[in-house]
Amino acid sequence: MSATQPNSRALGALGVGAAAAGRATRLRLRGPGLQRLISPVVLLILWQLIHVFNLVSVKKLPPPTTVLSTAWNLITTNEPAYGTLQGALGASLERMVIGFALGAGVALILALVSGLSRWGENTFDPILQMIRTVPLFGLVPVFIVWFGIGELPKILLIALAALIPLYLNAFAGIRGVDHRLWELADVLGLSRSERLRHVILPGALPQTLVGLRLSLGTAWLALVVAEQVNTNAGLGYMINQATQFLSNNVIFVALAVYTILGLATDWLVRLLERRALAWRRGLLT
Amino acid sequence: MSATTQAPVVRAEHLGRSFGDRAVLQDLNLEIADGEIVALIGRSGSGKSTLLRALAGLDKGVSGSATVEGQFGIAFQDARLIPWRSVLDNVRLGLRAADSTKAARAALAEVGLEAHTDAWPSTLSGGEAQRVSLARALAREPRLLLLDEPFGALDALTRITMHELVLRLWQRHHPAILLVTHDVDEALALADRVLVLGSGRIAHESAIALERPRHRDHPELVELRSRLLSELGVSL
Ligand SMILES: Nc1ncnc2c1ncn2[C@@H]1O[C@H](COP(=O)(O)OP(=O)(O)O)[C@@H](O)[C@H]1O
Ligand SMILES: [Mg+2]
């Protein structure tokens, strides 16, 4: 009990991912938000300039304008070899949503059980710590042997990829809630549900959101890997087909879509962070 | 104070607490009467917080008996507000009053913070955070207030304002107060009785019958000050 004033601020900073705090603040500032767009745009221009000056073969690296026009073709015409871009996107998104929801749901339930009880920790934590050390993508052949080549192994791989980082961070978040607040809850005579709602869950939220961001990252990777194996729909299927037809343009379109999806979900989580962690910035909501 | 005519609010008998083989409290006895302000001073690490936690029932490892009559409220040295709840919610949480919002607002008004009800704790100054913490303790209409060095981290000026606030609240609600402090002057300004904690028990006890507010240069206080300081092992 030797915190310096203002103590509430010191309390708030405990058990909190520094990365999350930094991001949330940066997003608020409009100027720097725009500033962050400058370097990617410059990179795109340089990429285009490479081709203006014929520095690299168009076959190896298509310029951004070609990637865009290829994307437009894939959207407007249903090529027998590839299907449409929106069709592929839909198939990939469906896999991702189902797999991620499954993995994240299980992760949160297990983190709650392990975080709130010793027996829960002793039961589930060792298993998850073990799974954590298994190289995820080494499991792909095993999953195919076990679950065949349909949607199931793909969805399970994505779920597992989402599960581990979210579980680890949510669990650490719950256990990291300042013990002085647990004590306060005792003094105030809070009921079990009040304790959960007002102290534990909000206290674990910052670290859990860091976990959410990480798990989205690994889940997108898992999607890409899973889709390269025996698929007949989705962005990965499109890449496989394009490899056979040696169409680098289509591969780049698919990669660009993956990238945009990853950025979009990251942005969503940041938005969530901004709203949920408003108390850190001291602004009224 | 009529310390002997009524049942005490706090009665602790033969309290003991050890960490490892180090006895922090040892056969400690303490009574606090209704409405009495008791200051507890002692060197850092002498067990003041340990005693307070024992009285508040926060420490399962104490031996002996400690009974507290009725409701008690506690304020920690760190204001200990829940950072992700508004000031109002911090006071309201756990209140079992019929209209907890109204009770919480009233308590905040009493400490002069009605304008900050919707603020996040992180926007408060140190003194304001401590006032919220006081309001939270008061909203429970306690018969006993346990204050663990609540003003230790505040600047001298704010501390004096807080002393006035505590006295004002005490005059209105008349709870018994056990104020832990390392500041002898704080004890002299507020307390009916000053206890010195040493070697795990109450090593010294002085009553102060002077009216409040008190002038710090009052001869009785000057004498008591040097007395208490020498009890604390500070020679002048
Ligand atoms: N949970 C604990 N575990 C081990 N030692 C403790 C614990 N709590 C307090 N102590 C020790 O007990 C002694 C008294 O602590 P405390 O009551 O906090 O002193 P203070 O008078 O400064 O409030 C200190 O030496 C401290 O290190
Ligand atoms: Mg202490």
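In helix H9 of chain A, which spans residues 179–188, the buried residues are A:Arg180, A:Leu181, A:Glu183, A:Leu184, A:Ala185 and A:Leu188. The model described here is predicted. An α-helix has 3.6 residues a turn, so residues three or four places apart point the same way. After the helix comes A:Gly189, which has a positive phi, near 65 degrees.

Chain B contains an open sheet of six strands in the order E5-E6-E7-E3-E8-E9, and the pairing is mixed. Strands E5 (72–75) and E9 (201–207) of chain B each have a single partner strand and stand at the edges, so one side of each lacks a neighbour in the sheet. On average, neighbouring strands of this sheet are turned by 20 degrees against each other, direction ignored.

Within the sheet, strand E3 (residues 37–41) and strand E7 (residues 176–180) of chain B run parallel and are joined by four bridges. One residue pair illustrates this: B:Leu40 has B:Val180 in E7(B) as its bridge partner.

| Helix | Strands of chain B | Angle |
|---|---|---|
| H1(B), residues 48–55 | lies across E3, E5, E6 (144–148), E7 and E8 (193–198) | about 150 degrees to E6(B) |
| H7(B), residues 219–231 | packs on the sheet, touching E3, E8 and E9 | about 175 degrees with E9(B) |

Technical notes:
Residues numbered from 1 in each chain as written. Chains lettered and ligands numbered in written order. Predicted model: local features only at pLDDT ≥ 70, side-chain atom pairs only at ≥ 80, totals over all residues. Heavy atoms only, no water. Pairing = 2+ DSSP bridges. Helix = DSSP H or I, 4+ residues; strand = E, 2+ residues; numbered from the N terminus. Axes fitted to C-alpha atoms, helices over the stretch in contact; angles between N-to-C directions. Contact = heavy atoms within 4.5 Å. Buried < 20%, exposed > 50% of the residue type's maximum accessible area, 1.4 Å probe, protein only.
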